[in-house]
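Please look over the sequence and the model below before reading the briefing.

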Amino acid sequence: MRRRLRVAAYAVCVRDGLVLLARSPGPGGVREWVLPGGGMEHGEDPYDTVVRELAEETGYRVEPTALLGVDSLRTALPARPVRRAVDHHGVRLVYEGRVTGGTLRPEVGGSTDLAAWHDLAAVPGLNRVPLVDTGLRLWRERPAAGRAGGGPEHKG
């Protein structure tokens, strides 16, 4: 089994009771709401990653104001005809972000197709990836150790 580590950075941007989310095609083409953010490029600082990803996915300039925590997720990805099985380990840094400029717009030719503000109370009713809940939990609780989940078996 091949092993793969992916490091990514995301932002929780909340203002006036609204949270900024991006929409991404999920498994089978089903659209899911995600925290804006994504994978680090080789040699890139995570702070710069979240600034770049937010600009790409939402059109906004954002200032990361706090590191809320780290979410670590390990999953086995099954083999496919053209790919060996993968032991995937995702390390996701979750920042609090403040929008400082720009104009809300959808990403063109990227991993998301829409960005929008959602009422925090409406988030439980959205089709979303688990990282949205993890990020909002970190934002609300601000755990001293910055740990979002319960270890290697965490399904965040």
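How many helices and strands does the secondary structure of the protein chain come to? There are two helices and eight strands, where helices (H or I, at least four residues) and strands (E, at least two) are DSSP runs numbered from the N terminus. This is a predicted model, in which local features need pLDDT of at least 70 and side-chain atom pairs count only at pLDDT 80 or more, while totals for chains, interfaces and linings use all residues. Residues are numbered from 1 along each chain as its sequence is written, and side-chain values use heavy atoms, without hydrogens and water.

**Overall form**
- From the N terminus on, the order of elements is β-β-β-β-β-α-β-β-β-α.
- The radius of gyration of the protein chain is 15 Å, close to the 15 Å that the globule rule gives for 156 residues, so the chain is as compact as a globular protein of that length. This radius is taken over C-alpha atoms, and the rule is 2.2 Å times the number of residues to the power 0.38.
- Of the 156 residues, 46% count as buried, meaning under 20% relative accessible area (1.4 Å probe, protein chains only).

**Nonpolar cores**
- A nonpolar core is a set of buried Ala, Val, Leu, Ile, Met, Phe, Trp, Tyr and Cys residues joined through side-chain atoms within 4.5 Å.
- The largest one has 21 residues, of which L21, L35, V132 and L136 touch the most other members.
- Strand 1 (2-12), strand 3 (18-25), strand 4 (31-34) and helix 2 (130-141) each give two or more residues to this core.
- Helix 2 gives the most, with four residues.
- Apart from this core lies another of twelve residues, among them A9, V62, L93 and W117.

**Contacts of V132**
- Not counting residues up to four places away in sequence, V132 touches L21, W33, V34, L35 and V123, contact being heavy atoms within 4.5 Å.

Key: Buried means under 20% relative accessible area, exposed over 50%, partly exposed in between (1.4 Å probe, protein chains only).
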